[in-house]
Amino acid sequence: MQAKHALLEAHTLYPELALSEIKSLLCLALSKDRAWLIAHSDDELPTLGAFNELLQRRQQGEPMAYLRGAQEFYGRDFVVSPAVLIPRPETEHLIDIALGLLTPNTRVLDLCTGSGIVPITLAKEYPQAHYFASDISASALHIASLNAQTLGATVTFSCQDLLAQTTGKYGLITCNPPYLSGYDPHLGALHFEPRLALSDEADGLSFYRRLAQEAYAFLHPHGHLLIEHGHDQAEAVRHIFNTSHWAPSQAYVDLAGHRRGMLIKRA
C-alpha cells in the first residue's frame, strides 16, 4: 500500500484522530520524518503492523509522548515512559525563575524529580552550579539518569522519600510534588501516567506540609524553596507556609494567568 493511501485509510478507520497525529504515527512506525513522508507519498510501504498498533494505542488514549518515547522540554528532547510524568510546558517557568537565583557553586536539590527535567535543564543552562535530585521511584530515577547521560548533564541522583535521607545544605530546593487529591476527577483522564507522581492519595497538600516542616533545615540562611502547585491551590499552600520558619511567599503565574508556584525564603 502506498503511504498516501495508508494515511487516508487510517483516517477513515480512526476519524477521532487528527490527520497530523496519524502522519506522526506513520513516521514513527517507519522511523522516518515528515519530509521523507512528503517526498515518498507514492512509495509502497512495508508491512503496516507497527503503524496499526500505534493507531490502536493512540485511539485508546495513550499520550503521544509515550508512543514516541520522548517529550520536548525547554528546547531539549527528554526520554519518557509510563514510569514518569510527561513534562508540562508550565514547568518551564520554574526553570526561568530558578536560573535567576543561581550563582557559581550553588548547591541545588530537586525533589520528586521524575524524568529529571528540572535539574538536567538547569545543569545544561547553568553548569557552574552543583545539582542533586531524588525520587521515591527507582523506575523514574532510571529514566532521569538516562536523560542526564544522553544530554550530558552532571546530576547526582538518589532514591528517597522526599527529604528522608537528605544531608547537607542547599542554596535552592525545587519541587513539583504529587498535588492532585485522591478524589480529583482529572485522575481518570491521566490513567496512563504514574499515579504515584500525580496524587498524594489524600487532599493534595501532604507534600507541602512536609516541605514546610522539613525543608528549612536543609537550606542555607539565604536559600530559596521553589515549588509548583495546582492551579487552585495557591491560597492553601500559602497558608501552609505561613509559619515562623518562612518569609512571605512570592507567587508566580503561568501563561494562562493562574498562580502555579511559589518562591519562598527562610525567615
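1. The loop between helix H6 (91-99) and strand S3 holds Asn105. In this predicted model, Asn105 has a positive phi of about 70°, although it is not a glycine. Its relative accessibility is 53%, so Asn105 counts as exposed, the cut-off being over 50%.

2. Leu162 is another non-glycine residue with a positive phi, here about 55°. This residue sits in the loop between strand S5 (156-159) and S6. Leu162 has a relative accessibility of 4% and therefore counts as buried.

3. The largest nonpolar core comprises 28 residues, and Ile173, Leu211, Ile227 and Phe241 have the most contacts inside it. Two or more residues each come from strands S3 (107-111), S6 (170-175), S7 (219-228) and S9 (259-265), and from helices H10 (206-214) and H11 (234-240). The most is given by H10, with 4 residues. A separate core of 25 residues lies apart from this one; Ile95, Val118, Val155 and Leu172 are among its members.

4. Which residues does Ile227 touch, not counting those up to four places away in sequence? They are Leu94, Cys175, Tyr208, Leu211, Val237, Phe241, Tyr252, Arg260, Gly261, Met262 and Ile264. One of these contacts, Arg260, also takes part in a salt bridge, as described in the next point.

5. The side chains of Arg260 and Asp254 form a salt bridge with an N to O distance of 3.7 Å. Both residues are buried. Glu90 joins Asp254 and Arg260 in a network of salt bridges.

6. How many salt bridges does the structure hold? The count is 13. Side chains of opposite charge can pair when their charged atoms come close. One of the pairs is Arg57 with Glu62, whose closest N and O atoms are 2.7 Å apart. Arg57 is partly exposed because its relative accessibility is 26%, whereas Glu62, at 11%, counts as buried.

7. Asp203 and Arg209 form another salt bridge, at 2.6 Å from N to O. Asp203 has a relative accessibility of 30% and so counts as partly exposed. Arg209 is also partly exposed, with a relative accessible area of 36%.

Definitions and conventions
Residues are numbered from 1 along each chain as its sequence is written. This is a predicted model: local features need pLDDT of at least 70, side-chain atom pairs count only at pLDDT 80 or more; totals for chains, interfaces and linings use all residues. Side-chain values use heavy atoms; hydrogens and water are left out. A nonpolar core is a set of buried Ala, Val, Leu, Ile, Met, Phe, Trp, Tyr and Cys residues joined through side-chain atoms within 4.5 Å. Buried means under 20% relative accessible area, exposed over 50%, partly exposed in between (1.4 Å probe, protein chains only). Contact means heavy atoms within 4.5 Å. A salt bridge is a side-chain nitrogen of Lys or Arg within 4 Å of a carboxyl oxygen of Asp or Glu.
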